[in-house]
Amino acid sequence: MNSIILKAGRQKSLLRKHPWIFSGAIADVQGKPVAGETMQVRDASGKVIALAAWSPASQMRGRVWSFDPEVSIDPEFFRNRLQAAFARRAALGLGLHSDAALRLFFSESDGLPGLIIDRYAGVLVCQFLSAGAEYWRPSILEILQQQFPGLAIYDRSDVEVREKEGLPKRSEHVAGKEPGDRISITENGMKFLVDIRHGHKTGFYLDQRDNRLKIQQYAKDRDVLNCFSYTGAFAVAACAGGARSVMNIDSSATVLGIAKENLQLNNLDVSTCEFLEANVFEQLRAYRRQQKQFDLIVLDPPKLIESKEALTRGARAYKDMNMQAFALLRPGGMLMTFSCSGLLDTQLFQKIVADAALDAGRQGRIVERLGQSADHPVALNFPEAEYLKGFCVQVD
Ligand code: SAH
């Protein structure tokens, strides 16, 4: 088998079972591997310490499949990893009903770097994000068809990270009945329409499932401002919880249209809701000029920090919007604020939110710490999997 030979001392992270091998850690490559091929990973003494997929186009040159050099990386290996992940979800009570939506497989955290599988009712939506995952795609798709015979499969591998791996973007129906443009799912008793072809990620923010229950709990008789509403998942939860009014802001008219449909689908009173196509940063300032106030504000922006270089600028954007939001809260109100930037850790995010309150002249207390739902687990050997964090801050 072809080999990656590590520089002296560079096996340390692998011995702690961290699955990434960067180009700077590699002393030599033996053989002529093709993209995605399985390689032995050897330390400087020549000892095999892992088996990894080869990603020649990326700075992340290798991703470990297994730390057991004796194991054979074949379809059976993938079947075992997939089945184990599905069984973990079932053991958590997730995905048990036919129109459930959940992340069935979460990449490194489930032991296969570069592979995402989400289920929306009768459709599996996959993303193959690394050369290794792409190499094994035919086997993985075959296993999925055997495991879920009645379900359709759609490949939503049309994401930027594929380019870093030298892979073209792809978005296509693969197996089963061709899914429609709007798939109806049920989550916590609420219904949502999901556009798996054009929606963000694989169509829906499954990682916010538990936090939607939180807003439902806190929304009663509140005037809610739902910033970055996307398809209105938080709005549905707030209305279901008895909100007095919900103002939804998003820069996309398309997603606001789906948000309205989602509220109607749940027989909620759409007349208490407004849908505003606007830039949140500008709109928060406009509300401040108009001296408009709210009782509960949700800030769930897109990932504002994509790289280490963008950290300072992104941190400033988080601080700015949180400050504006604090200023718009009535006494006793609540800010539910999130960051899905993995490069911004919880501690720093908390500091940003604290500084924002200070600048807005508000005193607040964190009453809930929020995160990604259980189908987006954080493997202990892979802390990078923790990306979504949030706080419920109650202000004086
Ligand atoms: N809270 C949503 C997910 C938010 S995703 C949920 O639970 O489903 C982020 C959303 O922000 C996207 O819909 C995107 O269209 C929108 N967006 C991005 N930048 C924006 C901006 N500056 N102003 C308003 N909306 C923006």
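A strand, as I use the word here, is a DSSP run of E with at least two residues, and strands are numbered from the N terminus. I keep in mind throughout that this is a predicted model.

**Entry 1: Asn248**

I looked up Asn248 and found its place in strand S15, which covers residues 245-250. Buried or exposed, I asked of Asn248? Its relative accessibility is 0%, and because buried means under 20%, Asn248 counts as buried. I then followed its side chain, which is joined to the side chain of Asn226 by a polar contact of 2.9 Å. Setting aside the neighbours within four places in sequence, I noted that Asn248 is in contact with several residues, including Asn226, Ser229, Ala235, Cys273 and Phe275.

**Entry 2: the ligand**

I turned next to the ligand, which is surrounded by 16 residues, the closest being Asp250, Ser251, Ala278, Val280 and Asp300. By type, I sorted the residues of this shell into 9 nonpolar, 4 polar and 3 charged. Helix H7 (233-240) and helix H9 (280-289) each supply at least two residues of the shell.

Which polar side-chain atoms lie 2.7 Å or 3.3 Å from a nitrogen atom of the ligand? I found one of Asp300 at 2.7 Å and one of Asn279 at 3.3 Å. On the side of the ligand's oxygen atoms, I noted one that is 2.6 Å from an N or O atom in the side chain of Asp250. The ligand has 580 Å² of accessible area on its own, and the protein covers 90% of it.

**Entry 3: helix H2**

I went on to helix H2, which runs over residues 75-91 and has 17 residues. From its first C-alpha to its last, H2 reaches 24 Å, close to the 24 Å expected at 1.5 Å a residue. Its buried residues are Phe77, Phe78, Arg79, Leu82, Ala85, Phe86 and Arg89, and I saw that they pack against strands S6 (60-66), S7 (101-106) and S8 (115-120) as well as helix H4 (137-147). After H2 comes Gly93, whose phi is positive, near 80°.

**Entry 4: Val378**

Last, I looked up Val378, which lies in the loop between strand S19 (364-371) and strand S20 (389-395). I recorded Val378 as partly exposed, because its relative accessibility is 33%. How far apart are Val378 and Ser109 in sequence and in space? They are 269 residues apart in sequence, yet their C-alpha atoms are 5.7 Å apart in space. Beyond the neighbours within four places in sequence, Val378 is in contact with Ser109, Gln372, Pro383, Ala385 and Glu386.

Conventions: Residues are numbered from 1 along each chain as its sequence is written. This is a predicted model: local features need pLDDT of at least 70, side-chain atom pairs count only at pLDDT 80 or more; totals for chains, interfaces and linings use all residues. Side-chain values use heavy atoms; hydrogens and water are left out. Helices (H or I, at least four residues) and strands (E, at least two) are DSSP runs, numbered from the N terminus. The expected span of a helix is 1.5 Å times one less than its number of residues. Buried means under 20% relative accessible area, exposed over 50%, partly exposed in between (1.4 Å probe, protein chains only). Contact means heavy atoms within 4.5 Å. A residue is near a molecule or strand if one of its heavy atoms lies within 4 Å of it. A polar contact is a pair of N or O atoms within 3.5 Å; within protein, one must be able to donate a hydrogen and the other to accept it, and residues adjacent in sequence count only if both atoms are side-chain atoms. Accessible areas come from the Shrake-Rupley method with a 1.4 Å probe; for residues, only the protein chains shown count as cover. Ala, Val, Leu, Ile, Met, Phe, Trp, Tyr, Cys and Pro count as nonpolar, Asp, Glu, Lys and Arg as charged, and the others, Gly among them, as polar.
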